[in-house]
Every structure is written in C-alpha cells, then in structure tokens.
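Subject: Structure for your review

Dear colleague,

Please find below the structure that I am handing over to you. My notes on it follow, and I would be grateful if you read them with the model open.

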Amino acid sequence: GGGGRGVSPPPATDSNQWRQEAKGVMHWFTTRTNGSYSRWQQSAAVWCYHDADPDFGRYQGKQMHLQLVQQLAQYPVTVVHSLSKRTVEVRIRAVNKGLTVDAILCQPNNRQADFVLCCGDDHSDEYMFSAAIARARAPLPALGGGSGETKGAAPSRRTFNVTVGRKPSRATLYVEDTRQVLFFLGALTQHAITGTLGQM
C-alpha cells in the first residue's frame, strides 16, 4: 500500500488481486452449490444463489460472506450478503450509488433538473437516497466560478425517493413490489403526457 491519499482509486494490481481472490472463492462455492453462478462487473462481483436450494443456498451464502470478509480484509472492498436478493456481492468501497447520483446532479446539464426520482430495493440504495436528499437541499455552486448567479440558491427540484418493500429507509415513499414500480412509472408517464395523474 502506498500510504493512503484520500479517495484515490487503488493501484491496478490491487484491483486485479481482489478480483482474483474473490473469483477463486466464488468458483469454489459455485462448484458446490447447484443453481448458483457469479456475475462480474467493472466495480463489483456478485455470486447469485436464487436458483439454488433455498436453505442450502442461504447457508453457502453465509459461509462465502465470512470467507470473503476475512480473505479480502486488506483490500478497499465491501462484502455484502443480501438474504432478500440471495446474493453475495463484493464491491469497491469508493464506488456507490450515492457518489454517482451526486456526480450526475452536479453536471452542468443536470443542475437545473426540476424532478429527480430514485428507486431501489436494498440497503445499498440508501447511499443514493441520502445523496439525492442532500443535493436537493444544498445550494448550487456558481458555474465556472464566474458571476455566482446560482451560488447560495437552493435548486427548485422535486426529489422523490422510493424504496421497494416496507423497511427502514431514508426514502420517503415505498411500493410493495416491482409491479407497483412499473405502475408508478406508468402513472408518471401519463402525467407527463396528459398533465393528469389518474387514479393511483
């Protein structure tokens, strides 16, 4: 390690090393758990056991979670076992939905958005909800450091955070399942086109 310099990304070798170690562990569990598989993304690896025997899959997920937490402790990653999604996920700590939402809302083309909708179904979405709430309340810095026309002015955007399933959350709204998410999006689309929301 190069002596921590804030939030700079880890060296490529560290990035590749955690992946190699996680890949070995996930492969070991996949070969021993029928109906499981792994998915690889740029900033995360996910082991899925939703097609496995529910009890055995949950047991294997707990065992994998413990092994990955121990084996990857030296790397800048987080290991999460989601019982509801039946997954074990390893993701880079410096990458989360909250940072992404904040970066999107601060882009010059998006600074004056009057409507923001964030919708999610697990604890990793709480970063996104918190960022959307904070950005909706925060003054916008002046663009280009020039006249300061927007400095100190709170954005006039409406922010809606929706969690799927009733649970403790920073979201102010909830829907029961993905069918209700689709219904909600359809109602919003109707409102955008006709100006009326209809019956929800």
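**Findings**

Arg86 is located in the loop that joins strand S3 (77-82) to strand S4 (87-92). Its phi is near 55°, a positive value in a residue that is not glycine. With a relative accessible area of 33%, Arg86 is partly exposed. Please bear in mind throughout that this is a predicted model.

**Overall organisation**

The chain contains 5 helices and 7 strands. Read from the N terminus, these elements follow the order α-β-β-α-β-β-α-β-α-β-β-α. The chain has 200 residues, of which 34% count as buried. Among contacts with a separation of 6 or more, 49% are between residues 24 or more positions apart.

Helix H4 covers residues 125-137, 13 residues in total. From the first C-alpha to the last it reaches 19 Å, close to the 18 Å expected at 1.5 Å a residue. The buried residues of H4 are Asp125, Glu126, Met128, Phe129, Ala131, Ala132, Ile133, Arg135 and Ala136. Their packing partners are H3, strand S5 (115-120) and strand S6 (158-164).

How are H3 and H4 arranged relative to each other? Their axes lie 7 Å apart, and the two helices pack at an angle of about 30°. Angles under 35 degrees count as roughly parallel, and H3 and H4 are therefore roughly parallel to each other. Their crossing is right-handed. On the H3 side, the contact is made by Lys97, Gly98, Val101, Asp102, Leu105 and Cys106. On the H4 side, it is made by Asp125, Tyr127, Met128, Ala131, Ala132 and Arg135.

Gly98 deserves a separate remark. This glycine belongs to helix H3 (residues 97-106). Gly98 counts as buried because its relative accessibility is 8%, below the 20% limit. Once neighbours within four places in sequence are left aside, Gly98 is in contact with Tyr127, Met128 and Ala131. Tyr127 is 29 residues from Gly98 in sequence, yet their C-alpha atoms are 4.4 Å apart in space.

**Cysteines**

How many disulfides does the model have? The count comes to 0. A disulfide is a covalent bond between the sulfur atoms of two cysteines. For Cys118, the closest cysteine sulfur is that of Cys119, at 8.9 Å, which is too far for a bond; the cut-off is 2.5 Å. Cys119 is likewise in no disulfide, with the sulfur of Cys118 as its nearest cysteine sulfur. As for accessibility, Cys118 is buried, with a relative accessible area of 5%, whereas Cys119 counts as partly exposed at 34% relative accessibility.

**Loop residues**

Three further loop positions may be of interest to you.

Thr33 sits in the loop between helix H1 (12-31) and strand S1 (37-40). Is this residue, Thr33, buried or exposed? At 1% relative accessibility, Thr33 counts as buried. Not counting residues up to four places away in sequence, Thr33 touches Trp47, Ala52, Phe56 and Gln60.

Asp114 is found in the loop between H3 and S5. Its relative accessible area is 47%, so Asp114 is partly exposed. The C-alpha atoms of Asp114 and Arg158 are 5.9 Å apart in space, although 44 residues separate the two in sequence.

Ala171 lies in the loop between S6 and strand S7 (173-175). Ala171 counts as buried, its relative accessibility being 14%. Apart from neighbours within four places in sequence, its contacts are Glu126, Phe129, Asn161, Val162 and Thr163. Two of these residues, Glu126 and Phe129, are also listed among the buried residues of H4. The C-alpha atom of Ala171 is separated by 9.1 Å from that of Gly120, a residue 51 positions away along the chain.

Yours sincerely

Terms used. Residues are numbered from 1 along each chain as its sequence is written. This is a predicted model: local features need pLDDT of at least 70, side-chain atom pairs count only at pLDDT 80 or more; totals for chains, interfaces and linings use all residues. Side-chain values use heavy atoms; hydrogens and water are left out. Helices (H or I, at least four residues) and strands (E, at least two) are DSSP runs, numbered from the N terminus. Buried means under 20% relative accessible area, exposed over 50%, partly exposed in between (1.4 Å probe, protein chains only). Contact means heavy atoms within 4.5 Å. The expected span of a helix is 1.5 Å times one less than its number of residues. Axes are lines fitted to C-alpha atoms, for helices over the stretch in contact, and angles run from 0 to 180 degrees between N-to-C directions. Angles under 35 degrees count as roughly parallel, over 145 as roughly antiparallel, 65 to 115 as roughly perpendicular and the rest as oblique. A crossing is left-handed if the near helix is turned anticlockwise from the far one by less than a right angle, and right-handed if clockwise.
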